[in-house]
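Have a look at the chains below before reading on.

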Amino acid sequence: MSILKRARHGFAAAAFLGAGLALSSPSQALPIDECIAPADPGGGWDFTCRSVGKLLRDLELVDGSVQVTNMPGGVGAVAFANVASERSDDSDLIVATSTVGMTQIAQGQYPGGADTMRWLAMLGTDVGVILVDDESEYQTLDELLDDMINEPDSLAMAGSSGAGGWDHIRALMLAKAAGMPADQISSVKWVQFDGGGPAVTQMMGGHVDVVSTDLGEIAGFIESGDVRVLAVLSEEPLPEPFEDLPTATSQGYDVTGYNWRGFYTGGDVSDDDYNAMVETLQTLYDSDEWKDVAQQNGLVPLWRGGEDFDDFVRQSIENVQEVSREIGVIE
Amino acid sequence: MDTLAFLAQGFAVAVEPQHLFLALVGCALGTLIGSLPGLGPVNGVALMIPLTFNFGLAPTAALILLVSIYYGCMYGGRISSILLNIPGDEPAMMTTLDGHPMARQGLGGKALGLSGVASFVGATVATIGLTLFAPLLVGVAIQFGPAEYFALFMLAFATIGGVTSGSLSKSFIAACLGLLLGTVGLDSVSSVPRYTFGWFEIYDGIDFIVALVGLFAISECLLFLEDTRHSDKPTLKLGSALPGMRSAWQCRSTITRSSFIGFIAGVLPGAGAALGSFLSYTLEKRWLGRHGKFGQGDPRGVAAPEAGNNAAAGGALIPMLSLGIPGSGTTAILLAMLLSMNITPGPLLFEDQPEMVWGLVAALFIGNVMLLLLNIPLVGLFARVLRAPGWFLMPMVVMVAFVGIYSLSNSAFDLYMMLAFGVLGYILRKLEIPTVPVVLGLLLGGQMEYNLRRAMSISSGDWDILWSSGISVGIYAFAATLIVAGLLFNWLVKQSR
């Protein structure tokens, strides 16, 4: 069955049968030969798998090519369940994930917690932004947060995740940092759209007041001057052409909101194999080619790997759980 | 001017050799599939969507291929209406009235040639109309907030009776069933799973392509199992398609009138291609009734509904692309096709993806020309497909359905799901409940619900937001008018019988 699952195309099932047999024995020297994208072709996770898979091959970090398997469903839960139950010791396999997957785990939407998997590395990140319309009365983040705290139900915020999703949570982390009492946090209105672009369009039409989303999704609107960026949620100012956008940190709010892209592998992979995979990914990260690919796609290259990344994921999960509890998304 | 520039650009893209080749392949393939007895255009396109994704084409190329298949299937459907008296979809019904008598007189080729030219003219008129009128709707697009979108979806469902020709109450039952199925999956507002029974495979909702293939293709095979009607094929003399050209010239005024009538019928949301062909035929019959032999093989009886039907299908693209309201069964399939390619029709489509819209329009136009050219030399070959026996065809259909669906997600779960929808489609069709509204409910229900909930989030639960803007009030009034007009129309038809 696991061999059949390797087949990307029904047509090619038979052809892959032979190849699958040859590939299914774990190889120590050259670890990675398959990447599961837990989504349909075309999305962010699919891009992560395809671009990293291609680079692994171009840089000759793997033997042959890296097969990308699309396994959509449950915002990554189908792939998570599949790896946990059937391939937890497969040291040839990496699975694409991101802040979105981490948030799902924090809120108990996956069949298992962070311990179920081994967290390999993040290779790059998109950065959260807080935007208003260019004709909005809010000129600075302070003005916006003041209003939000004094009259929490007067503003409608929007983004591309559902209530309790990452766009929502990082905006509320800002409100918390500005001193909003925990019992008021749930009264800020949140409206979910199918992406940052539609949310910004609705804001330009005057239907919502503030948008919280990833920079990569709405960079075009910033360049065209249709929106005003009140804060980017990164530690450091962004590289060009966004170097002038103010960070939240520089305005006195210690909040970051990255949407990182990275990988996990099965929970029963041995330490040796795990370290070898992290090493491979770090070599890829260090290459100029990755920096180019990342920047072309609106990502800031950012490395966290191995135990360091594992700790980071666990800490992030705790943060998300705390805010989620306060807004009543989880018990 | 922008419109023309984009359209020119669309054409420039569409006439690239690779794209022309795809259009040719799509038209030929579509015609073959559409003319398969019992399969018909809607089922044919539904079956081809998943397969097309496996060729790994760029979005524009995939769009051209799918559109060509769509047009080819529509045309192929005419072949079975005229030669076998089996209309592939509702709009083709009117074509059988005079087309089949012509075929029985040995003039099948002439009727097919005529239908090709009439379709071409109708579609061309509609394409020009689309180019002129669709951008007018774009200016108001940014005014559409969640409440206005919700009103639009209400309009789409209020007019669902026009999409099918069956009983209104059965259409509504089907639409409700679709809406019900549309609630399955992770609620994207609160992330709570609904009706998922712990199956992660349906956390993202029911894949509408799986539903589409099951409801149309699989249920067709199930129906075939109990029906031996398709096994006896009449061997009609075809004759040449060339006289159709001359005949089309003689019918030129009929074709012109019908094209305009069809286009207007198509633009009205929910009226659709069925109304277009029906109005064209009946008006033409009334106009020329005394001078013609309508119902006994009058060429104008073929030209009128074909021109009207294709003009309406083109006109229906205006509400479909700019408002997201599909006007007919086949337009609903086209909507599913666009959604599956991550193109979301709506007021902002023209602004956000002009190259996509005008590329589509150019592709439609090229598909038309291609069909016209294919039609003349190859009509005999296509007609021969009609004689392929069902015991050969239906297993092929099942095979293509299984391979296509499995290749989408590599999941056996989707195959079971497709079979379940096949059984559901079979039961519905036995009950004479149309299946297109089920798909529409599934396609549109999610967005309808989310827009309602967005509106509620913005207003903190105050329902007044739904009718607080002029646009939404106007849409509701329009929907009410259409419903009343539809009921009145039905009543008048009954009275005149």
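Here is a quick briefing, grouped by topic.

This is a predicted model, where local features need pLDDT of at least 70, side-chain atom pairs count only at pLDDT 80 or more, and totals for chains, interfaces and linings use all residues. Residues are numbered from 1 along each chain as its sequence is written, with chains lettered from A and ligands numbered from 1 in the order in which they are written.

**Domains of chain A**

- Chain A is split into domain 1 (2–125 + 260–326) and domain 2 (127–251); such bounds come from an automatic or database domain assignment.
- Where the two meet, domain 1 of chain A puts in 12 residues and domain 2 of chain A puts in 14 residues (contact means C-beta atoms, placed from the backbone, within 7 Å).
- On the domain 1 side, helix H5 (99–106) and helix H12 (306–326) of chain A are the elements giving two or more residues (helices are DSSP runs of H or I, at least four residues, and strands are runs of E, at least two, numbered from the N terminus).
- H12(A) gives the most to that side, with 4 residues.

**Positive phi angles**

- Glu60(A) has phi near 55 degrees, a positive value in a residue other than glycine, and sits in the loop between helix H3 (44–58) and strand E2 (67–70) of chain A.
- Glu60(A) is exposed, with 8 other C-beta atoms within 10 Å (exposed means 12 or fewer, with C-beta atoms placed from the backbone).
- Over in chain B, Glu432(B) has a positive phi near 60 degrees, in the loop between helix H18 (412–430) and helix H19 (436–459).
- Glu432(B) counts as exposed because it has 9 C-beta neighbours inside 10 Å.

How values were computed: Buried ≥ 20, exposed ≤ 12 C-beta atoms within 10 Å, placed from the backbone.
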